[in-house]
Amino acid sequence: MTITSKSNPRIKQVRFLRDKKQRDEEGLYIVEGTKPVLEAISSGQAIEEVFATEKLSCMFPGCTEVSEEVYGFMSTEQSPQGVLATVHIPETGIRAPKGANALLLDGLQDPGNVGTIIRTANAAGYREIYLADCADAFSPKAVRASMSGIFYVQVFPGPRREILDALKGIPLICADMAGVDLFQYRPPSRFCLCIGNEGNGLSSETRSRSQSIISVPMDPSCESLNAAVSAGICMYILKHNMTR
């Protein structure tokens with residue numbers, strides 16, 4: 001049976017998941033688009049429900065079929081594809097990293113940057129990502145920008161002090177304009193790379209805990225790099241320099 005009413009409780013719940021408070025209360029977030037939903041399923045994410053329009057419902061057995069109008073009401077996309085899923089947010093808590101390379105995002109406020117960095121971190125093999133007072137990694141914009149990377153990493157959001165406590169004993173490498181040349185720097189065998197806020201850079205708390213400060217060399221005509229671009233360069237070069 002096709003849902004045709006926007007006032008249906010299940011439809012309204014999806015609409016409310018645009019709001020972080022509602023996502024936190026429900027423990028759910030939205031994944032939208034054919035490829036992301038298929039990847040969420042194949043990667044073993046805890047799917048609550050899949051909603052699809054008639055033209056796509058045959059691709060998702062057991063999905064809830066909705067009218068085009070209702071789907072447009074639910075969708076967060078400018079050009080809706082016709083399928084979305086509600087997915088359970090993993091309960092990770094905050095703990096020390098288990099892998100050799102972790103990432104700390106320190107106060108980033110643009111969900112697009114957060115999602116793009118998660119995408120790159122997954123590609124570069126940084127599987128544990130700490131979000132200290134950051135934009136929500138499970139917002140629709142961040143999930144979309146992660147290009148399914150959110151399914152393959154562990155995200156640890158929380159207050160900065162609690163995260164820094166969990167990282168005690170792990171060398172913190174902070175990216176900053178005034179650091180040593182990244183390309184000449186040899187990192188330790190285990191570390192956490194720290195990327196600061198888009199406008200203000202690293203917090204004083206994180207900077208004071210750093211073992212090393214690195215920078216990406218730039219032409220004098222360039223004032224700064226986008227946080228996501230800087231993070232991507234640093235992640236790859238640090239891993240490369242470990243094996244030199």
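**Figure 1. Helix H3 and the residue that follows it.** Just after H3, in this predicted model, Gly-44 adopts a positive phi of about 85°. Helix H3 itself covers residues 34-42, and its buried residues are Thr-34, Val-37, Glu-39 and Ala-40. The elements against which the buried residues of H3 pack are S1, strand S2 (47-52), helix H4 (54-57) and strand S4 (83-88).

Figure 2. Most residues other than glycine have a negative phi. Asp-133, although not a glycine, has a positive phi of about 55°. The loop between S6 and H7 holds Asp-133, and this residue counts as partly exposed at 40% relative accessibility. Ser-148 is likewise not a glycine, and its phi is positive at about 75°. Ser-148 belongs to the loop between H7 and S7. With a relative accessible area of 7%, Ser-148 is buried.

**Figure 3. The aromatic pair of Tyr-29 and Phe-138.** The model contains 4 aromatic pairs. In one of them, the ring centres of Tyr-29 and Phe-138 lie 4.8 Å apart and the ring planes meet at 55°, so the pair is classed as tilted. Tyr-29 is part of strand S1 (residues 28-32), whereas Phe-138 is in the loop between strand S6 (128-132) and helix H7 (140-146); the pair therefore ties together parts that are 109 residues apart in sequence. Tyr-29 and Phe-138 are both buried.

**Figure 4. The aromatic pair of Tyr-130 and Phe-156.** Tyr-130 and Phe-156 form a stacked aromatic pair, with 4.8 Å from centre to centre and 20° between the planes. Because Tyr-130 lies in strand S6 and Phe-156 in strand S7 (residues 154-158), this pair ties together parts that are 26 residues apart in sequence. Tyr-130 has 0% relative accessibility and so counts as buried. Phe-156, also at 0% relative accessibility, is buried as well.

**Figure 5. A charged group over an aromatic ring.** The ring in this view belongs to Phe-73, and the charged end of Arg-15 sits over it. The distance from the charged end of Arg-15 to the centre of the Phe-73 ring is 4.5 Å.

**Figure 6. The largest pocket and its lining.** Rolling a probe the size of a water molecule over the atoms shows where empty space is left. The largest pocket holds about 440 Å³ of space. Its lining consists of 19 residues, and those nearest the centre of the pocket are Ala-175, Met-177, Ser-224, Leu-225 and Ser-230. At least two lining residues come from each of strand S8 (172-181), strand S9 (191-196), strand S10 (212-215) and helix H10 (227-242). S8 supplies the largest share of this lining, 3 residues. By class, 9 residues of the lining are nonpolar, 8 are polar and 2 are charged.

**Figure 7. The second largest pocket and its lining.** About 350 Å³ of space lies in the second largest pocket. It is lined by 20 residues, of which Asp-24, Ile-89, Asp-136, Phe-138 and Pro-157 are the closest to its centre. Helix H2 (20-26) and S7 are the elements that give two or more residues to this lining. The lining of the second largest pocket comprises 9 nonpolar, 5 polar and 6 charged residues. Phe-138, one of the residues closest to the centre of this pocket, also takes part in the tilted pair with Tyr-29.

**Figure 8. Asn-113 in helix H6.** Asn-113 is located in helix H6. Its relative accessible area is 8%, so Asn-113 is buried. Residues up to four places away in sequence aside, Asn-113 touches Leu-108, Glu-198, Asn-226, Ala-227 and Ala-228. Gln-78 is 35 residues from Asn-113 along the chain, and the C-alpha atoms of these two residues are separated by 19 Å.

**Figure 9. Asn-122 in helix H6.** Helix H6 (residues 111-124) also contains Asn-122. Since buried means under 20% relative accessible area, Asn-122 counts as buried at 19% relative accessibility. When neighbours within four places in sequence are left aside, Asn-122 is in contact with Arg-127, Gly-149, Tyr-152 and Val-153.

Conventions
Residues numbered from 1 in each chain as written. Predicted model: local features only at pLDDT ≥ 70, side-chain atom pairs only at ≥ 80, totals over all residues. Heavy atoms only, no water. Phe/Tyr/Trp six-rings, centres within 6.5 Å; stacked < 30°, edge-to-face > 60°. Helix = DSSP H or I, 4+ residues; strand = E, 2+ residues; numbered from the N terminus. Buried < 20%, exposed > 50% of the residue type's maximum accessible area, 1.4 Å probe, protein only. Lys NZ or Arg CZ within 6 Å of the ring centre and 35° of its normal. 1 Å grid on protein atoms, 1.4 Å probe; cavity = no way out; pocket = protein on both sides within 12 Å on 5 of 7 lines; lining within 4 Å. Points joined across faces, edges and corners; volume = space filled by probe spheres on them. Nonpolar A, V, L, I, M, F, W, Y, C, P; charged D, E, K, R; others polar. Contact = heavy atoms within 4.5 Å.
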